[in-house]
Amino acid sequence: DPTVKWLPRKLLWENYALAISGLNYFKAIGMTTLISLLAALFQMFSCAMTGYALARMNIPGKGLLFAVVLLTFLIPAQTLVIPLFVTYSKLGWLNTPLPFLVPALFSQGIKGALFIVIFRQFFISLPKELEESSKIDGAGAFRTYWKIMLPLARPALLVVFLFSLVWHWNDYFEPSLYLRNGDFVPLSLSLQYLQMNLDLYFKPMGAIPFDLNEPIK
């Protein structure tokens, strides 16, 4: 009804049922939650460790490695679509969550370089006396990181987790490439097919009775 502007003349509660059915909502939101939550957790811990290594460890060529990290952040993701798609296809990862989870596990994925920079700058700001005192007490590098430095990085962990979660939740570009014709369809792709799914239930002159429990193909 094109004359409706703010308040509808009639409340049709069945529209909610139609939207849930057309979106395959519960399965789609479950898939979106799985990808977003796991990828955010993986990126949070892997990028924290990478940022700490670039900030505190004596690594040969550390400056060059950090420049490579920045370079991966500056290169548009669209320029890497074809080689990534071919690689994931050969590995058999298409139509699975692996193209999102495995890069996140190795400090990459969506905005991975930015998260490394956030952690690197945070760890640089911490006093070196904390690490020196832990070495005096006999703690190694990993124990110092796990017991002292990582708990102090809770603000950075929270920021990275929230950023990663939101960006994975809202991402449409990568799921549209890697999750096609499979059982793993996130909510962003379900929105794309909503109108097509609803059109299956309607004729030009009226509605077609249907069973909401029947899966949409």
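# Aromatic pairs and overall form of a predicted model

By the ring-pairing rule, the count comes to 14 aromatic pairs (rings of Phe, Tyr and Trp, the last by its six-membered ring, pair if their centres lie within 6.5 Å; planes under 30 degrees apart count as stacked, over 60 as edge-to-face and the rest as tilted). One of these is the tilted pair of Y52 and Y145, with 5.0 Å centre to centre and 40° between the planes. Y52 lies in helix α2 (residues 25-56) and Y145 in helix α8 (residues 141-152), so this pair ties together parts that are 93 residues apart in sequence.

The model is predicted: local features need pLDDT of at least 70, side-chain atom pairs count only at pLDDT 80 or more, and totals for chains, interfaces and linings use all residues. Residues are numbered from 1 along each chain as its sequence is written, and side-chain values use heavy atoms, with hydrogens and water left out.

**The aromatic cluster**

- Y52 is buried, with a relative accessible area of 5% (buried means under 20% relative accessible area, exposed over 50%, and partly exposed in between, with a 1.4 Å probe and protein chains only).
- Y145 is likewise buried, at a relative accessible area of 3%.
- The ring centres of F142 and W146 are 6.4 Å apart and their planes are at 10°, so this pair is stacked.
- Both F142 and W146 belong to helix α8, where they are 4 residues apart, about one turn of the helix.
- F142 is exposed, with a relative accessible area of 54%, whereas W146 is partly exposed, at 44%.
- One aromatic cluster is formed by Y52, F119, F122, F123, F142, Y145 and W146.

**Charges over rings**

- The charged end of K111 sits over the ring of W167, 5.6 Å from its centre (the criterion is NZ of Lys or CZ of Arg within 6 Å of the ring centre and within 35 degrees of the ring normal).
- R120 lies over the face of F66, at 4.0 Å from the ring centre.

**T144 in helix α8**

- T144 is placed in helix α8 and is buried, with a relative accessible area of 4%.
- The side chains of T144 and S134 are joined by a polar contact of 3.0 Å (a pair of N or O atoms within 3.5 Å; within protein, one must be able to donate a hydrogen and the other to accept it, and residues adjacent in sequence count only if both atoms are side-chain atoms).
- Apart from its neighbours within four places in sequence, T144 is in contact with Y52, E131, S134, A139 and M149 (contact means heavy atoms within 4.5 Å).

**Overall form of the chain**

- The protein chain has 12 helices and 2 strands (DSSP runs numbered from the N terminus: helices are H or I with at least four residues, strands E with at least two).
- The radius of gyration is 23 Å, well over the 17 Å that the globule rule gives for 217 residues, so the protein chain is more spread out than a compact globule (the radius is taken over C-alpha atoms, and the rule is 2.2 Å times the number of residues to the power 0.38).
- Along the principal axes, the C-alpha atoms fill a box of roughly 80 × 40 × 30 Å.
- I29, in helix α2, and K135 are 106 residues apart in sequence and 47 Å apart in space, C-alpha to C-alpha.
- Of the 217 residues in the protein chain, 33% are buried.
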